[in-house]
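Here is a short briefing on a protein model. Look it over first, then work through the points below.

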Amino acid sequence: MDFAVRFTNTVSVISRWFPGVDSLEAAGAAQEELHARANQALRDHFGRRVFVRAVVEVSNFCRENCHYCGMRRDNRGLARRREDPEVLAELLIRNRPLSITDVNIQAGEDPVAVRGVVLPLVRILRRETNLGISVCLGTLSQELSSELQEAGASTYIVKFELADAARYEALEGPGTLEERVTYIRWLADQGWNVSSGFIAGLPGEGIPSMLQNLKLAGALPLIGCSVSPFVSGAETPLGHAPQASIDLTLNCMAALRLMRPDWVVPAVSALNLSAPQGGYLRGLLAGANLCTINITPEAMREDYVIYKRDRFIMTEERVLEAIDSAGMEPSMTSLASHFAARRCAATLQEAAPAGRG
Ligand code: SF4
């Protein structure tokens, strides 16, 4: 299919998702209206509740070489390290922020860390806490993924990054786009709650690319999706490229929310890199319903450069302040329990007609 036809089809799909708003370039009053509609869709589905989780970054080794990420394997300037699972377990069992209900364990694509750090940590947390456990570890073997699930993790975050396969290859995204999408579908088939995500405003990517991203997200078996603004990291091949517009990023988030009111859409810390004056809060007002408190130990944080060295760390205080300013409140229910309840309701619904027979 040629590009013009593909693009026209995509625009008509997007228009169906949010009638009356026909551009991701919405600015001024049109943007306010778009975000207000997204916020209303969120409230209609979730009320004022925002999920609050912690993230621990456990390894900055990565076998991939994505042009948009400072942790790419060709970056020799990083001190690479893996955390000790016992230290992280202690932190999460005895010193975790009181507002969190879930934890996301994240690393570069590093199967060694999955076996040596993540699996033991998940087993301890499952035994000692009732935290919901998600992982964000890249594309792993089926065997390793199944071990994580058996150990007690229930949500897998695997971002497709960008929906254009040729650009994906040119930017050396992880594996191939096809592999990534196949992995997402396989995880969902295995019973994982799968969340994905894409980058807004990569160099050379305009509105048609964002529409393609939204369309792919909508076609995947997901329970949520993130949008991260492209941030040019000094230690990457894209170090001199312009940063993504915060408005494009927020408009994509609002579009996601309107497309899927039931999804979990995170407010990412990079929103505050794109717009230091309140970017994160604007995310919560444009349809986001998940906040993340970073509790990664200091030594790892410095060299965990998915965006750039000068990171914006979301502490519990900053997260709670943003939630309050958005007129929302932390959820007492964990993401894991929310998804489990939803799955249970769907199963009951499927069984209902047969039962009435
Ligand atoms: S984006 Fe992920 S897979 Fe790519 S280099 Fe960074 S950590 Fe590795």
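**Strand 1 and its partners**

Six bridges join strand 1 to strand 2 (residues 102-107), and the two run parallel. Strands pair if DSSP finds at least two bridges between them. Helices (H or I, at least four residues) and strands (E, at least two) are DSSP runs, numbered from the N terminus.

This is a predicted model: local features need pLDDT of at least 70, side-chain atom pairs count only at pLDDT 80 or more, and totals for chains, interfaces and linings use all residues. Residues are numbered from 1 along each chain as its sequence is written.

**Pairing**
- Serine 59 stands opposite alanine 107 in strand 2.
- From strand 1, the chain crosses through helix 3 (residues 85-94) to strand 2, and this β-α-β crossover is right-handed. That is, with the strands pointing away from the viewer, the path from the first strand over the helix to the second runs clockwise.
- Strand 7 (residues 290-294) runs parallel to strand 1, joined by five bridges. Here alanine 54 stands opposite isoleucine 293.
- Strand 8 (residues 329-330) also pairs with strand 1 in the parallel sense, over two bridges. Valine 50 stands opposite proline 330 there.

**Burial**
- Strand 1 (residues 49-59) is largely enclosed by the rest of the structure, because 10 of its 11 residues are buried (20 or more other C-beta atoms within 10 Å of a residue's own, with C-beta atoms placed from the backbone).

Notes. A residue is buried if 20 or more other C-beta atoms lie within 10 Å of its own, exposed if 12 or fewer, and partly exposed in between; C-beta atoms are placed from the backbone.
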